[in-house]
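I opened this model to look up a sheet, the nonpolar cores and the aromatic pairs. My notes are in the order in which I checked things.

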Amino acid sequence: DFTYLNIVHPDDRERMSEVMDKAWSGAAVESEHEFRVIWKDGSIRWIRSRAFPILNDEGQVYRICGLDADITERMEQEAALRESQEIFTQLTDTIEDVFWMFDLGENKRVFVSPGFTESLDVDWEEGSSYVDIAHPDDRAQLKREMDETWGKPVNVDRQFRVVQRDGSIRWIRSRWFPILNAEGEVYRYCGLDIDTTDRVEQEEALRESQQQFEQLTSNIDDVFWIFDQEEDRTVFVSPIFRDLYGGMLGEDMEYLDIVHPDDKERVAAILEAGFADPKDSSDTFRVVRKDGTVRWINSRGFVVRNAEGEIYRYCGLNVDITERVEQEEALRTSEAEVRKALDNMEQANQDLRDAQTKLVQSEKMASLGNLVAGVAHEINTPIGAINSMHDTLMRGIEKLKDAIAENLPDALES
């Protein structure tokens, strides 16, 4: 009851049944088919079966001979190759970068990913090279480098500019590597071209920013510094720091080494609190320079956060404010002197007011004396007359009394 079809995979059984029926129908034709079979251990194998008829004297098929070969490994390799090709196609169709293959024997590009025409708008013709579309200032160098490396088993990595149809310029980084044949000779180059315009412009902007930063920190008298939280060290200090203090932070000096002894304890506490809870700050204290002079500085620090919002650096600027402090001290002294002078002026004004009051009172008393003298004079004159008349009257009264005394008794008797 066991037939060949019993070992054929169920998905291939119907197709192989039709093949076998056709073979046994008497058609004198050779055939070749590939199908799957299931071994007794349950494993699936691919079989390539080639069959050819054996004819009798009348030319009729009376036997069929065949050869079955296990082609599982080849089929798996082909499947893997197809999968790899599909991945390769998806990759080259999806990426914005340009992947290419150049065959030295055919002297042409045998493959260029679609990204080439999508990313670059250039006059590109069959047989053209990057030298043809490169920026005029880069052509000679690019041609020289290609001549030196072409056909050699070396990896190449170069960057150059290309000019598009509209005149705009793009930067290209082209990397390629050789493919060797069995004899170890280069027969193909594979390469990847990346548009690095944005990166080049960013790097140029960064270089310009760094140059401006260096120029700024090299020419100002203030000290700029950067402390890296992760590395736990000072990663940058303005060059002037060494000139001022005779050393460099993070190398042969610590921050507290420059602080005035009377301020060191307070500054140490500020630093400790800052490391425990980093935040923007502003503190004023004294420092001692290498020549022994004492200067006042205002140290302003601010935190720098990464993309996740975490603090990873602490930057600061130490500004010499000695002149301002001295001016403020002179102003305070001047204000005290002005306040003292004002107080003295107020006392003098009070003394003057008191003197004026006394003077007014003295003048009033003098005027009153004159008035009293005048009034007394006016009063004394009639009083004098009255006194004089009084005396005369009194004498008359006395005489009258005497006369009455002498004559009254006689008059009464009469």
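This is a predicted model: local features need pLDDT of at least 70, side-chain atom pairs count only at pLDDT 80 or more; totals for chains, interfaces and linings use all residues.

The entries below go from the sheet to the cores and then to the rings.

I looked up the strand order of the open sheet and found β10-β9-β13-β12-β11, with antiparallel pairing among the five strands. Strands β10 (233-237) and β11 (281-288) each have a single partner strand, so they stand at the edges and one side of each has no neighbour in the sheet. On average, neighbouring strands are turned by 25° against each other, direction ignored. I then checked what packs on the sheet: helix α8 (residues 261-276) touches β9 and β11, and its direction makes about 145° with that of β11.

I followed β9 (residues 223-228) to β13 (residues 311-320) and found six bridges in the antiparallel sense. Phe224 has Leu317 in β13 as its bridge partner.

Which residues have the most contacts inside the largest nonpolar core? I listed Val223, Val237, Phe241, Tyr245, Ile258, Phe285 and Val287; the core has 20 residues. Elements that each supply at least two residues of this core are β9, α7 (240-245), β11 and β12 (294-305). The largest share, four residues, comes from α7. I took Phe241 as an example and set aside its neighbours within four places in sequence; its contacts are Val223, Gly246, Gly247, Met248, Leu249, Met253 and Ile258. A second, separate core has 17 residues, among them Tyr130, Val131, Phe160 and Trp176.

I counted 10 aromatic pairs. For Phe224 and Phe236 the ring centres are 6.3 Å apart and the planes are at 55°, so I logged the pair as tilted. Phe224 is in strand β9 and Phe236 in strand β10, so this pair ties together parts 12 residues apart in sequence.

I next looked at Trp225 and Tyr255, an edge-to-face pair with 6.4 Å centre to centre and 65° between the planes. Trp225 lies in strand β9 and Tyr255 in the loop between α7 and α8, so the pair ties together parts 30 residues apart in sequence. Both Trp225 and Tyr255 are buried.

Last, I traced a cluster linked by ring pairs: Trp100, Phe102, Trp150, Trp176 and Tyr189. Trp176 had already turned up in the second core.

Methods
Residues are numbered from 1 along each chain as its sequence is written. Side-chain values use heavy atoms; hydrogens and water are left out. Two strands pair if DSSP finds at least two bridges between them. Axes are lines fitted to C-alpha atoms, for helices over the stretch in contact, and angles run from 0 to 180 degrees between N-to-C directions. Contact means heavy atoms within 4.5 Å. A nonpolar core is a set of buried Ala, Val, Leu, Ile, Met, Phe, Trp, Tyr and Cys residues joined through side-chain atoms within 4.5 Å. Buried means under 20% relative accessible area, exposed over 50%, partly exposed in between (1.4 Å probe, protein chains only). Rings of Phe, Tyr and Trp (its six-membered ring) pair if their centres lie within 6.5 Å; planes under 30 degrees apart count as stacked, over 60 as edge-to-face and the rest as tilted.
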